[in-house]
Amino acid sequence: MIYRFHSLFLLFALFWTGAIAAADSVAMNRADADAEPMILTTTAPGKNIDQAVTALSQAIVNHNYTFVRQQSIDSRLVPYAEEVRSVRLVYFCNFAKMDRALRIDPRATQMLPCRVTLVETSSGVDLIAVNPAWTSQSMPALREVCQELKQDYLDILDEAAL
Amino acid sequence: MKPGLIKHFVVAFGLMLSLSTQAAPLSVSKAVDMRQAMDDVALAAINHELVLVKMQPIDTALTKRGFEDPGMRILFIGSESAVRWAEEAEPRLLNLLPLRLTLIKNEAGITLVSDDFGPWLHEFPDAPARLMIEAWQAEMKAMLDDFVRQ
């Protein structure tokens, strides 16, 4: 009887520990998520998508990043002639920063290569990026790197929108 | 220790794990080299009506520039239906497309890891966005399971 009580107690203690740990983790993630916006965005008024891609490519180079490629959102999913022209993805990278991030935590690939999504609207082009500081909320070792990366994104977006 | 008690430990441990890993990225491993893994992923993608949009060889990109080989490659996988669904229901989810997979070379072979869908599920708690993310997650899981079977 005592033995059964002990085993039930252990079961309850383990379950409770796990539940508290999970709740803490969720709460921490929620606090981080609340602190960081998911999206970094700016608008380039009066530009068309080609002009915005050109401006963004120049801003990328000016901030010591390498342009990797651009593609439509449905590239290779539909025939080229049918691709959506108003939404483009631009990928870029700084290889030294990539190397540093991957050495800290291989999950940094979730932010690689850097990407900006351009959406043409009636008044200009919206430039949108997923905030790396938001993505890294469950990767504490990457926080510093991702804050730097976020600042780079903001600088690049600002310059591209001029 | 009695078998009954061990069983209780196992059950409790399983519960703890399930609670603490809900938002973890999907991950599978297989004893193959990088080239074979790429072929097997491509086949698994086709089986699930997904398209291999782009392979990003970050291993060669880094070594070519004098950095250490991280033993990793990134794959982007997509489907037209996912793009159209996101355009219609929640354009912010276009930022998650095409879906990303990381191939990591290790001693046992190759580990394939998806992005973590957890933060996205947290950010979009309601339908239809949540349903979309869950559907993509399920699709990715089925494809990864297929990759292991190839």
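Contact, in these legends, means heavy atoms within 4.5 Å. The views come from a predicted model.

**View 1. Confidence along chain A.** Chain A has a mean pLDDT of 87, and 79% of its residues reach 70 or more. Where pLDDT is low, the predicted coordinates should not be read in detail.

**View 2. The open sheet of chain A.** In chain A, 5 strands form an open sheet with antiparallel pairing, in the order 1-5-4-3-2. Strand 1 (39-45) and strand 2 (66-72) of chain A stand at the edges; each has a single partner strand, so one side of each is left without a neighbour in the sheet. From one strand to the next, the twist averages 20°. Strands of a sheet pair through backbone hydrogen bonds, either parallel or antiparallel.

**View 3. Strand 3 of chain A and its two partners.** All of strand 3 (residues 87-93) of chain A is covered, in that 7 of its 7 residues are buried. A:Val87, A:Leu89, A:Tyr91 and A:Cys93 point one way from the strand, A:Arg88, A:Val90 and A:Phe92 point the other way, and all are buried. With strand 2 of chain A, strand 3 of chain A forms 6 bridges in the antiparallel sense; here A:Gln70 stands opposite A:Val90. With strand 4 of chain A, strand 3 of chain A also pairs antiparallel over 6 bridges, and A:Leu89 has A:Thr117 as its bridge partner.

**View 4. A:Thr117 in strand 4 of chain A.** A:Thr117 is found in strand 4 of chain A. Its relative accessible area is 3%, so A:Thr117 is buried, the cut-off being under 20%. The side chain of A:Thr117 makes polar contacts with the side chain of A:Arg115 (3.2 Å) and with the side chain of B:Asn95 (3.3 Å). Leaving aside neighbours within four places in sequence, A:Thr117 is in contact with A:Val87, A:Arg88, A:Leu89, A:Asp126, A:Leu127, A:Ile128 and B:Asn95. Strand 4 (residues 114-120) of chain A is joined by 4 bridges to strand 5 (residues 124-130) of chain A, and the two run antiparallel. A:Leu118 stands opposite A:Leu127 of strand 5 of chain A.

**View 5. B:Thr102 and a contact with chain A.** B:Thr102 lies in strand 4 (residues 99-106) of chain B. B:Thr102 counts as buried because its relative accessibility is 3%. Its side chain makes a polar contact with the side chain of A:Thr109, at 2.8 Å. Apart from neighbours within four places in sequence, B:Thr102 is in contact with A:Thr109, B:Met72, B:Arg73, B:Ile74, B:Thr111, B:Leu112 and B:Val113.

**View 6. Helix 2 of chain B and what covers it.** Helix 2 (residues 34-47) of chain B has 14 residues and reaches 20 Å from its first C-alpha to its last, close to the 20 Å expected. Its buried residues are B:Met34, B:Ala37, B:Met38, B:Asp40, B:Val41, B:Ala44 and B:Ala45. An α-helix has 3.6 residues a turn, so residues three or four places apart point the same way. The cover over the buried residues of helix 2 of chain B includes strand 1 (27-30), strand 2 (51-56), strand 3 (72-78), strand 4, strand 5 (109-114) and helix 6 (129-149) of chain B. After helix 2 of chain B comes B:Glu49, with a positive phi near 55°.

Note on methods. Residues are numbered from 1 along each chain as its sequence is written. Chains are lettered from A and ligands numbered from 1 in the order in which they are written. This is a predicted model: local features need pLDDT of at least 70, side-chain atom pairs count only at pLDDT 80 or more; totals for chains, interfaces and linings use all residues. Side-chain values use heavy atoms; hydrogens and water are left out. Two strands pair if DSSP finds at least two bridges between them. Axes are lines fitted to C-alpha atoms, for helices over the stretch in contact, and angles run from 0 to 180 degrees between N-to-C directions. Buried means under 20% relative accessible area, exposed over 50%, partly exposed in between (1.4 Å probe, protein chains only). A polar contact is a pair of N or O atoms within 3.5 Å; within protein, one must be able to donate a hydrogen and the other to accept it, and residues adjacent in sequence count only if both atoms are side-chain atoms. pLDDT is the predictor's confidence in each residue, from 0 to 100. The expected span of a helix is 1.5 Å times one less than its number of residues.
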